[in-house]
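Trainee: I am new to this structure, and I would like to learn what the words used for it rest on. Could we go through it together?

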Protein chains: 2
Amino acid sequence: MNNFVFNNQARVLFGKGQIANIADEIPEDSKILLIYGGGSIKLNGIYDQVIDAISEFEYHEFEGIEPNPSYEKCMKALEIIEENEIDFLLAVGGGSVVDAAKFIAAAAFFEGNDPWDILALNDEVFDAIPLGVVLTLPATGTEMNGNSVISRTEYKEKLAYTSPFVLPLFSVLDPQVIESLPKIQVGNGVVDAFVHVIEQYLTYPVDAKIQDRIAEGILLTLIEEGPKVLADQTNYDAGANIMWSSTMALNGLIGSGVPQDWTTHMIGHELTALHMVDHAQTLAIVLPGVMHVMKESKKDKIIQYAKRIWSIENNDEQKTIKEAIDRTIEFFESMGLKTRLKDYGIHVNSIDKIVDRMEARGDINIGEHKLVGIDEIRKVLDYRN
Amino acid sequence: MNNFVFNNQARVLFGKGQIANIADEIPEDSKILLIYGGGSIKLNGIYDQVIDAISEFEYHEFEGIEPNPSYEKCMKALEIIEENEIDFLLAVGGGSVVDAAKFIAAAAFFEGNDPWDILALNDEVFDAIPLGVVLTLPATGTEMNGNSVISRTEYKEKLAYTSPFVLPLFSVLDPQVIESLPKIQVGNGVVDAFVHVIEQYLTYPVDAKIQDRIAEGILLTLIEEGPKVLADQTNYDAGANIMWSSTMALNGLIGSGVPQDWTTHMIGHELTALHMVDHAQTLAIVLPGVMHVMKESKKDKIIQYAKRIWSIENNDEQKTIKEAIDRTIEFFESMGLKTRLKDYGIHVNSIDKIVDRMEARGDINIGEHKLVGIDEIRKVLDYRN
């Protein structure tokens, strides 16, 4: 096991009816900016629950955060914040809304040239407006970490940053929100959480048995419960298991003391930036190729994954690896995600463009051993052409 | 899954050499009271490492915390704290030292009649001196929770309390401390952590798949790595797995959203209070009886435990349960712990005394269904007579 520091101060309120308790979690006399997306929360009753809960606070609203939230949209919130002396952000939505709120929180206190530099130049965040979350979609894990991914439309860029200052003060996870989600978002969420685990698990062994077992526990739960939720979104228990799994997948715990990869995400972000493919769909396209192309350096862990997750017992290592990849693809497809570039109308010419962009940005030689170079990125994308 | 709130703000510094980093974790200009036990830390070098790390602070020392730390001893620290205007406690030791520091931290700010009332009358703790931990023995999990167990020698009482104010600010977990531990403490620690998991896992199912899998992951890790550490205490990787497992066993995570039992601990505390049996040894004596006596209400989970932990495949439920209990006993014995009352020279007459004490204190009708009454406590103790 590698040395690590683990600290996650976010407070999770999990379960039915927890939205009603958020007033106790927000600092007294806060002036709240309520941040949300396209208005689905007004149709499913979550908006009303939130408004009821915060009725004793002064609050303002900032709506219309889009999927893959944009820098341009986020920047518009800063004016409202200044004008109304906002000192608390309440994000009500999925990963996009929460990530937008995190960027707004940091941008409001940013003293450099342009808050975009937090993403583009890794400018450090020294402070942020405190924020709380009411999660409406289990997927990204952003509700219990300090990560945020923001796109800049004019540049077709999608970049990530991390800061402890944008860790939510609290996050409400009420699995009932799953009931009214579009089916595609349920599948996307399960696959997103699945690949978060894989990025921290499918690397090389460091004898971190407890991290491995927890990672495997999350994967097994997603595999068992994902199809149940997809079949019946009112299955509360299965939804609760998915929701807690997706939070646990990226709250720092399973990634502590182990190597991490994140190749699949980095390549995937390019597919979203260039072709607007949903984040989880990009992961479903890219991961099989990463497993295949990097199978030698990931061999030990892929075989462990094959045995413990898919019960594949085979003395032939290559066959075991192939079967593990195939089972992974099958699982993604069973959750409603297509796994080939052409399924999304992406032409093979895009591969060169993606490689060029990643090379230009210096996003090469990535992965746990820094072995994923230009050739490997090309082969990864080519694997599911 | 049941509703829950999860929040654990303790900062874990895990790995080789982390003691050297504690100065950065202690608030500037703190006046530290260093709290430790019988002086083993002066023989194994940990004391020197700690002193080196805090050399820029003003510090005082309070030594001699005994196993099953006593109220009487803890109270003596209060004078030193007042005299020297101590505003930070640094506990360097195992569960006993940390629990003592937690009680001292709360007692120093207690405004009631007698700090013992925190334990005896559940008087609420409203504030405490901040504390940090350098753990020297993986076992109790106290390094990442707000629990503390204190004994009052004159009353032969051993009682527990919980408060978020005594959660350590930080805990250093350096697995190298295991090297110099007496063998019996290694075995005790593994069994202690094992039973902590069982108390939160072997109840009745609430379809909390992710909590179950994590609990099982900890149990499997303890079973795999415990014997390795016992055989070779310089096996760093196995020690690291044991150490992180024992912290994860009782940091609130696996107990969130599920029923909990704690019958084994409550009965076990009586054996320590009356007969000075080591805490983990009491658990090794009591747990098999709890599993046997409560096997009907715990049936579903015992069978899940039998299958997933011990790979017992048997269509006969009663045989499966019996085998699961036997394998558990074997594991405890393999870690060097005896599992019968008579192994510790405890006469059968003690059973009545324990039952009477628990009845007098109102500690009856305990367990996840409150089904463990006087008769059940008697049967539990009688099972491993």
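Mentor: Gladly! Four bridges join strand 1 (residues 4-14) of chain A to strand 8 (residues 170-173) of chain A, and the two run parallel. This is a predicted model, in which local features need pLDDT of at least 70 and side-chain atom pairs count only at pLDDT 80 or more, while totals for chains, interfaces and linings use all residues. Residues are numbered from 1 along each chain as its sequence is written, and chains are lettered from A and ligands numbered from 1 in the order in which they are written.

Trainee: What makes strand 1 and strand 8 of chain A a pair?

Mentor: Two strands pair if DSSP finds at least two bridges between them. Here there are four bridges, so the strands pair by that rule. Within this pair, A:Val12 stands opposite A:Ser171. Strands (E, at least two residues) and helices (H or I, at least four) are DSSP runs, numbered from the N terminus.

Trainee: What joins strand 1 of chain A to strand 1 of chain B, and how do they run?

Mentor: Seven bridges join them, and they run antiparallel. A:Asn8 stands opposite B:Asn8 there. The whole open sheet has 12 strands in the order 3(A)-2(A)-4(A)-5(A)-8(A)-1(A)-1(B)-8(B)-5(B)-4(B)-2(B)-3(B), with mixed pairing.

Trainee: Why are strand 3 of chain A and strand 3 of chain B called edge strands?

Mentor: Each of these strands (58-62 in its chain) pairs on one side only.

Trainee: How do you know that the two copies are related as by a two-fold rotation axis?

Mentor: Copies are superposed by least squares on the C-alpha atoms of residues with pLDDT of at least 70 in both. A rotation of 180° with 0.0 Å of shift along its axis puts chain B on chain A, with an RMSD of 0.0 Å. The copies are therefore related as by a two-fold rotation axis. In chain B, the C-alpha nearest the axis belongs to B:Gln9, 2.3 Å from it.

Trainee: How do you know that the copies meet through the same surface?

Mentor: Contact means that the C-beta atoms of two residues, placed from the backbone, lie within 7 Å. By that test, 32 residues of chain B are in contact with 32 residues of chain A. Helix 7 of chain B gives the most to the side of chain B that touches chain A, with 10 residues. Because 100% of the interface residues of chain B are also interface residues in chain A, the copies meet through the same surface.

Trainee: Why is A:Leu381 called buried?

Mentor: A residue is buried if 20 or more other C-beta atoms lie within 10 Å of its own, exposed if 12 or fewer, and partly exposed in between. A:Leu381 has 24, so A:Leu381 is buried. This residue lies in helix 14 (residues 374-383) of chain A and touches, among others, A:Ile267 and A:Leu341.

Trainee: And what makes A:Pro259 partly exposed?

Mentor: A:Pro259 has 17 other C-beta atoms within 10 Å, so A:Pro259 is partly exposed. A:Pro259 sits in the loop between helix 8 (236-248) and helix 9 (263-275) of chain A.

Trainee: Is A:Lys370 buried or exposed?

Mentor: With 9 other C-beta atoms within 10 Å, A:Lys370 is exposed. Its phi is near 55°, a positive value in a residue other than glycine. Most residues other than glycine have a negative phi.

Terms used
Lists of a residue's contacts leave out its neighbours within four places in sequence.
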